[in-house]
Each structure stands twice: as structure tokens, then as C-alpha cells.
Amino acid sequence: MAVSRKPVMKRYLLLLLVLPVLAIACSDDDRDEPYPSIITEMALLRSDANGTISRFTTDGGSTYTLSQSLTGAHVNAAWRFLLGYALNDNQRAILYQMEPVVVLRDSTKRATGYRDPVAFVSSWSGGGFFNFHLLPRTQGGTHGWGFLRDSTSVNALGGTTHHLSLYHRQGNDPTAYSADTYLSLALDSVATSSAESDSVSIAVVTFDGRRLCRFPMARK
């Protein structure tokens, strides 16, 4: 029986810079305190009708209220970040790191399906996303990211396997130094509904050749 899913976000906003309103500082009273245990997780942050972000939800399904709300964001929008945070005595989250995550869009209809190589670090699934940690080589230029629909096939379990490729356009940016880059592909971008036997295979062209990342479509 097919398992339907509501879209994780109705509006994706690719945020390439940390929110300018974010300022994390320590007071003089904190200097003698032990350094907190930092938790690093992928998470979704959403703003309200006033452009205020007061909480976030991790891929593990936990929702935390921020110790200090962020203001001045776009209204009713959502962002994906790799967060570094600690919880205070009231179980409120103090942010120490906000690494922007590029949410991949369908680039199949583009005139050229670029598959420029990157260095591969890791891939994993969680929170309704397929995630990648890559190391493109750059000299500070802008890269294009997305995914390409290659084909579908019937897998050994009788379900559908979606065969995708990572869209990466290097452009005119020289392949100089490696830069940590985090990408996420929403399951709902691949298919709005799926069966337990469905899966996805994502091909990533690396400097060492083509690498296949395979995931079940069942939400975890």
C-alpha cells in the first residue's frame, strides 16, 4: 500500500549566507563556565508571519525553542541548516554554528545537465531528506546545484527505483581549494507518494569516478 506524505516545506529558500541578524556572544559571567557540549545536527528553521524564528526541528524529530529568537527573516519561510547548538538548563537551544544547506531542486529541464565532478565525503538520510557532504573545488565562485531525473526501474522487491544524478555546474570557477558543502534532497521532490519497496539511486560524479548513493524511499 502506498504511503502518502505531505510536503516537508511548501517554500524552499536557498540561504547561502548566515542570517545577518544572528549574533552569538558570551558575557563576562560565562568566561569561567565549562565549554558546553555542542550537538551537531541537520535541522529546519521556520519563520512566522512577523519574520521571527523562535524554534527549529532536527532530523531526529526533536523541536527546540531558541534561547534568543532570530528576527528580520523573510516571513513564513523555511531554511535548512547544519546546526551546532547546546541546551541550557531550561532545555532551550543556544546556537553556536549555522552552516547553510543547499536544498536541491529538479534541474532535469535545463538545456545542459551538468555533472561536473566533486570530492565525496558522505551521504545519509534523515528527516525526510537525502543528505550529502561534498567538497567541490573552488576559488570562491558560484556553483549551480540540483538533481536530474535519469530513469525509473522495477527493483527486486517489486517497487520503483528512481535513478537520479547530481546536477553540478562548476561554471567559470577555477578548481582551486576544497570547500565543505552540504546538500539536501527532499523525498517529496522525488515522488509525492511511495511504497515501502520504493528506493532511489543518486549518481554523483566525483574526481575518482562515478559514485552511486542508494536509499530507501520510506521516511525515517
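The model is predicted; local features need pLDDT of at least 70, side-chain atom pairs count only at pLDDT 80 or more, and totals for chains, interfaces and linings use all residues. Residues are numbered from 1 along each chain as its sequence is written, and side-chain values use heavy atoms, with hydrogens and water left out.

The secondary structure comprises 1 helix and 17 strands. Helices (H or I, at least four residues) and strands (E, at least two) are DSSP runs, numbered from the N terminus. The protein has 220 residues, and 42% of them count as buried. Buried means under 20% relative accessible area, exposed over 50%, and partly exposed in between (1.4 Å probe, protein chains only). The accessible surface comes to about 12200 Å². Carbon and sulfur atoms hold 48% of that surface. Accessible areas come from the Shrake-Rupley method with a 1.4 Å probe; for residues, only the protein chains shown count as cover. Contact means heavy atoms within 4.5 Å. Among contacts with a separation of 6 or more, 67% join residues 24 or more positions apart.

An open sheet is formed by 4 strands in the order β11-β12-β16-β17, with mixed pairing. Strands β11 (144–154) and β17 (209–216) stand at the edges. Each has a single partner strand, so one side of each is left without a neighbour in the sheet. The twist averages 25 degrees from one strand to the next. Axes are lines fitted to C-alpha atoms, for helices over the stretch in contact, and angles run from 0 to 180 degrees between N-to-C directions. Two strands pair if DSSP finds at least two bridges between them. Strand β16 (residues 199–206) runs antiparallel to β17, and 8 bridges join the two. Within β17, R211 stands opposite V204.

Antiparallel pairing also links β2, β3 and β4. Between β2 and β3 there are 3 bridges, and between β3 and β4 there are 4. F56 is the bridge partner of L45. F56 also has Y64 in β4 as a bridge partner. The hairpin of β2 and β3 has 6 residues between the strands, and G51 there takes a positive phi near 75 degrees. The hairpin of β3 and β4 has 4 residues between the strands; G61 there takes a positive phi near 95 degrees.

G51 lies in the loop between β2 (39–46) and β3. Its relative accessibility is 0%, which counts as buried. G51 and V75 are 24 residues apart in sequence, but their C-alpha atoms are 4.2 Å apart in space. Leaving aside neighbours within four places in sequence, G51 is in contact with L70, T71, G72, A73, H74 and V75.

The whole structure holds 6 aromatic pairs. Rings of Phe, Tyr and Trp (its six-membered ring) pair if their centres lie within 6.5 Å; planes under 30 degrees apart count as stacked, over 60 as edge-to-face and the rest as tilted. The ring centres of F56 and Y64 are 5.9 Å apart and the planes stand at 50 degrees, so this pair is tilted. F56 and Y85 have ring centres 5.1 Å apart and planes at 65 degrees, so this pair is edge-to-face. F56 lies in β3 (residues 53–58) and Y85 in β5, so the pair ties together parts that are 29 residues apart in sequence. F56, Y64 and Y85 form one aromatic cluster. F56 and Y64 are both buried. Relative accessibility is 1% for F56 and 0% for Y85, which is also buried.

Two arginines have charged ends over phenylalanine rings. R80 sits over F129, 3.7 Å from the ring centre. R137 sits over F207, 3.8 Å from the ring centre. A charge sits over a ring if NZ of Lys or CZ of Arg is within 6 Å of the ring centre and within 35 degrees of the ring normal.

Most residues other than glycine have a negative phi. N76 has a positive phi, near 50 degrees. It is found in the loop between β4 (63–70) and β5 (78–87). N76 is exposed, with a relative accessible area of 51%. Q91 also has a positive phi, of about 60 degrees. Its place is the loop between β5 and β6 (93–100). Q91 is partly exposed, at 48% relative accessibility.
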